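This report looks at how the parts of one protein chain meet. It then turns to a sheet and to the backbone.

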Amino acid sequence: MRILLVEDSIALADQLVPLLKEHGYAVDWLADGRDAVVRVHDDPFDLVVLDLGLPGMDGLQVLKQWRQEGLSIPVLILTARDSWSERIEGLRQGADDYLTKPFHPDELLLRIQALLRRSHGNANDERLSAGMLKLDESRQTVWHREEEIALTGAEFRMLRYFMHNPGRLLSKGQLASHLYDNESDRDSNVLEVHVNRLRRKLGKAVIETRRGQGYVYTGQLS
């Protein structure tokens, strides 16, 4: 899953970027509201974490423009502003959730997980469920036939994206753009390796190959 972080505090960004990457997210960081207005259209982000007090263009203005353009991407607002009127205005402009600074990192991670599950039509319970598998995002493990199986970081990122999109045909290009924030990491051969590793751990039927098209997560166990 790929996140756009729009935050002008370098100190906070220096904390959040590694935190999000540690939990399996690809992260792009911007510090100016004017850049964010344009950047969100350049890549398929799954969620935006948006500060309000941005240089160039205020976060509420950025959000308002996105919604006027028909962009429905989930947006979590971060702000040091504590007035109810500004929170209400943010929700009116289309924010999906609000988190006031200072905040605990675990709360941010849980809110991101909840927003991503809701946006993909998944139940907001303790584990992400799709098909016959349950994914524990905090432990980066998957439950398979009542057995907890450890995943590598790359396997976890891939399986989580598949489970957010069950039954949907995903090309290698789509997978790469949602899983990696660095162009040099987007190697189709590497994607095939991770798909095959997941099949070895979970069964061949869990991910179906469509020749010349991509992959489909079935969630079925062989």
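In this predicted model, ten residue pairs are in polar contact across the interface of domain 1 and domain 2, both residues of each pair being at pLDDT 80 or more. On the side of domain 1 that touches domain 2, helix H1 (10-22), strand S2 (26-30) and helix H5 (105-119) each supply at least two residues. By class, the residues on that side of domain 1 are five nonpolar, four polar and seven charged.

Salt bridges also cross this interface. The rule finds two of them. In a salt bridge between Glu 137 and Arg 117, the closest N and O atoms are 2.6 Å apart. With a cut-off of 4 Å for such a pair, the 2.6 Å separation of Glu 137 and Arg 117 qualifies.

**The two domains**

The domain assignment places residues 2-120 in domain 1 and residues 128-217 in domain 2. Their C-alpha centres lie 26 Å apart. Domain 1 brings 16 residues to the contact, and domain 2 brings 15 residues.

The size of an interface is often given as the accessible area lost when the parts come together. Here the area buried between domain 1 and domain 2 is about 1300 Å². Carbon and sulfur atoms give 42% of that area.

Strands of a sheet pair through backbone hydrogen bonds, either parallel or antiparallel. An open sheet in this model has the order S10-S12-S11, and its pairing is antiparallel. Strand S10 (169-170) and strand S11 (207-210) are the edge strands, each pairing on one side only. S10 is joined to strand S12 (residues 214-217) by two bridges. Leu 169 has Val 216 in S12 as its bridge partner.

**Backbone exceptions**

Most residues other than glycine have a negative phi, and most peptide bonds are trans.

| Site | Feature | Angle |
|---|---|---|
| Lys 101 and Pro 102 | cis peptide bond | omega about -5° |
| Gln 140 | positive phi, not a glycine | phi about 55° |

Both sites sit in loops. Pro 102 is in the loop between strand S5 (97-100) and H5. Gln 140 is in the loop between strand S7 (133-136) and strand S8 (141-144).

How values were computed:
Residues numbered from 1 in each chain as written. Predicted model: local features only at pLDDT ≥ 70, side-chain atom pairs only at ≥ 80, totals over all residues. Heavy atoms only, no water. Domains from an automatic or database assignment. Contact = heavy atoms within 4.5 Å. Buried area = accessible area lost by both parts, 1.4 Å probe. Salt bridge = Lys/Arg side-chain N within 4 Å of Asp/Glu carboxyl O. Polar contact = N/O pair within 3.5 Å; in protein donor to acceptor, adjacent residues only side chain to side chain. Helix = DSSP H or I, 4+ residues; strand = E, 2+ residues; numbered from the N terminus. Nonpolar A, V, L, I, M, F, W, Y, C, P; charged D, E, K, R; others polar. Pairing = 2+ DSSP bridges.
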